Each structure stands twice: as structure tokens, then as C-alpha cells.
Amino acid sequence: MSDPERPLAHPLPVVLAGARGHGRWHLENIRRLQDEGLVRLAGICELTPLTEDELGAFAAPGELPAQSADFGALLDSTGAAVAVICTPIPTHTDLALTAAARGVHLLLEKPPAPSYAEFRRLADGVAAAGVVCQIGFQSLGSHAVPAIRELITEGAIGRVDGIGGAGAWARAQSYYRRAPWAGRRRLDGADVVDGVLTNPLAHAVATALALDGATRAEDVAGIETELLRANDIESDDTSCVRVTTTGGRRVTVAATLCAERPDEPYVRVHGSGGRITFWYKQDRVLLQRPGHGPQETAYGRTDLLENLVGHLAGRAALLVPPDTTGAFMRVVEAIRRAPDPVALPAGAWYLDAEEDRRVVRGADALVAAAADTLALYSELGASWAAPEPRKEVST
């Protein structure tokens, strides 16, 4: 069992909870850091243990990590210093607090929790335990984020009028059959809130809020949502949200998993004297200003697990502590409390049989227009959007 007061062993023993699906990425990343001598994969928590073939090159022969479906027992037996949690959304808080109670530090996948109440239970619990918790918004490790904030502070694009985000992605219908919680708002009485803005394109929301400097719960003055779906699911797959910050600015993010031509998601800062576009998965920034040629810059990125390790060693400030995702969690809460998503009429979408996915006609253009104008779908004239957005004022 780890002790926050005791010097940490090196390389840091790490337990991964959830090693299949997106967890595979974490497994590969742990191996990368293991090869650099920073961490050691001490254990894997899965309901069904990984086979030696699945582990592949992640451990040397005869040195396979311990495996167990009992997370707490695995943390105890391995002496883990860090746990990486990449499990279904409703399990995040309880697993994080299980680790915190043992003095184990955390990298917790986004979204951190399915409701604001669960988020507060999580954030307050890890703070009381004295452990470090990093929330897995990888885009916030991009060096472009502080660079854009500096451009804004310097007045490179004049007065900032608002920030837009756009995500036009595609997911096959099988995406919603990959797990019982996929595409659900609730499951077995527990909140899930697995919608397009809260999970697959949550980075667009969190990154837009970060560029505005409105990251904490108290930075949110009001939220408007329009939640729709083309797929036969509980949750939303084509939605938009507009956050009004306490500073009076608007942050609008529009997204779909039913794009006609899927493309890279981006966040755009609108100024009185230009604009900045950030393709956050590519760490690529475009600065456009009257009287200047377009300036495009590619930035590096700090891995969040590596940052956590560096923070524990006293070498780095933690990039994404829980309270800096409070504003994002206000958005999750507004979506959780909103009426169930509206099913799009049959004429608004069609089935791409070759890719087995539903495509919303005109979705790409609407998503881009929302990011450009900071307007919601209904304000852009989408015939299938709700006539009035769902509004929630933060208290």
C-alpha cells in the first residue's frame, strides 16, 4: 500500500484499471514510459485477465504484471504508487476513491464523473486523502494551450469576442454496441451521460473553456444545450452547447458523430482583430489577422502520465487537477439534467450501408457555422433543432 508521506519508489509502480478498448492506448503509453525508466507496469485490473498474446511486448517473458478483477486488492499486493483508471464512466469516482484511500496517486480518464455531485465527491475525496489526481484531458497537455493564451493576453487578435468549437466525427452503429453503457444516459439506475459532448468530443468543450480561462465551476454563469440524436440510442450524438462565463464571454461547441465527411476537430478564438484556430489533436495553430499573412505553428505536447510522474518528483506543475475541470463538469451536469435528446426525423439522416453508420444531412456545415458564429443549431435555422434551447443558470 502506498503512503503519501513516504518517498516514492523508482521506477514508479503503476496499476492500470481497464486495459482493453481505449485502455490499450494507456497500456502502450505505460510501456513507453517504462522503457524510459520512469514507471513499471505492476498490475492490470480487468474483469477478464489479458492473455500473454494481448500483453505482447508490454512485459518481458516471466515478468508479466499481476492481474486481478479486485482493484483494491491489486493496489495492495503490488504496492502501486500510481493508478491509471480507464473504465466505464459510472465507475470512475468509486475506483478513484479506492485508490486515494490507499495513498495511490491517479490519472483518471475523462469525463471524470457522470454528474457534478459525483465529481465533487471525487475531487473532495482525493483532496482529503492528500493524493494527486490528474484528469485525462490530453489536449490540455498541448504546448499550444499556453501559447494561445499568451497570444490572447498580448492582444494579438484584439478583444476576444468568444470561442467556438467544432467536432465532426463519424461512428458506426457498432460503436454503441461495444459496451452496455455506450450511448446511455443511465444504466441500472446510475448516471452515465455518454453523449457526444461529454465523452468522445469532450476535449473540444474542455479545450475551448481552457482557452477562455474559464476552467473552474465558479467561472460558469449559464449554459444552453440542444441535444439530438440520429442513432437509436438514449444519449445524444449531434448536439451543441453554449456557455456564458462570469466574464461575459460566450463559448459555443457543436459536435456530431454523424458527419458527412469526418474531419479534425478544432477550437477557434474569435477576436476583434483576427482569429486563432487550434486543431487540438494535431497540436496545430493558425493565427489569422488583417494585414498579416496566415501564421501556422505546430507545437509539442506533454503526456499527462509523464507530467504526473514529474509532478510527484517535484519537477513539474500538475497540468489538469480536478478543480480545473469544474467548468466542464458544469456542462456535463447541464446535459445530464436536460430533457432526453430529441430523435431526428427520418428525413434528416440516412444510413451509409457500406460504413454501417447514420449520417445527418448538413451536419458538417452546421457544426462549422456554430463554431464560427457562436450560435446554436436552432438559431442557424436547422429545421430539426429544438425551437428554444434548454437553459440552465449556474448557482
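By salt bridge I mean a side-chain nitrogen of Lys or Arg within 4 Å of a carboxyl oxygen of Asp or Glu. The pair links distant parts of the chain, 26 residues apart: Asp76 sits in helix α3 (residues 71-78), and Arg102 in the loop between α4 (92-100) and β5 (105-109). Helices (H or I, at least four residues) and strands (E, at least two) are DSSP runs, numbered from the N terminus.

The model is predicted: local features need pLDDT of at least 70, side-chain atom pairs count only at pLDDT 80 or more, and totals for chains, interfaces and linings use all residues. Residues are numbered from 1 along each chain as its sequence is written, and side-chain values use heavy atoms, with hydrogens and water left out.

How accessible are the two partners? Asp76 counts as partly exposed because its relative accessibility is 32%, and Arg102 does so at 21%; buried means under 20% relative accessible area, exposed over 50%, and partly exposed in between (1.4 Å probe, protein chains only).

A search of the whole structure finds 27 salt bridges. Another of them joins Asp323 to Arg120, with the closest N and O atoms 3.4 Å apart. Here the partners are 203 residues apart, Asp323 in the loop between α8 (304-312) and α9, Arg120 in helix α5 (residues 116-129). Asp323 is partly exposed, at 35%, as is Arg120, at 24%.

Finally, Arg275 forms a salt bridge with Asp372, the closest N and O atoms being 3.7 Å apart. Arg275 belongs to strand β14 (residues 274-279) and Asp372 to helix α10 (residues 363-373), 97 residues apart.
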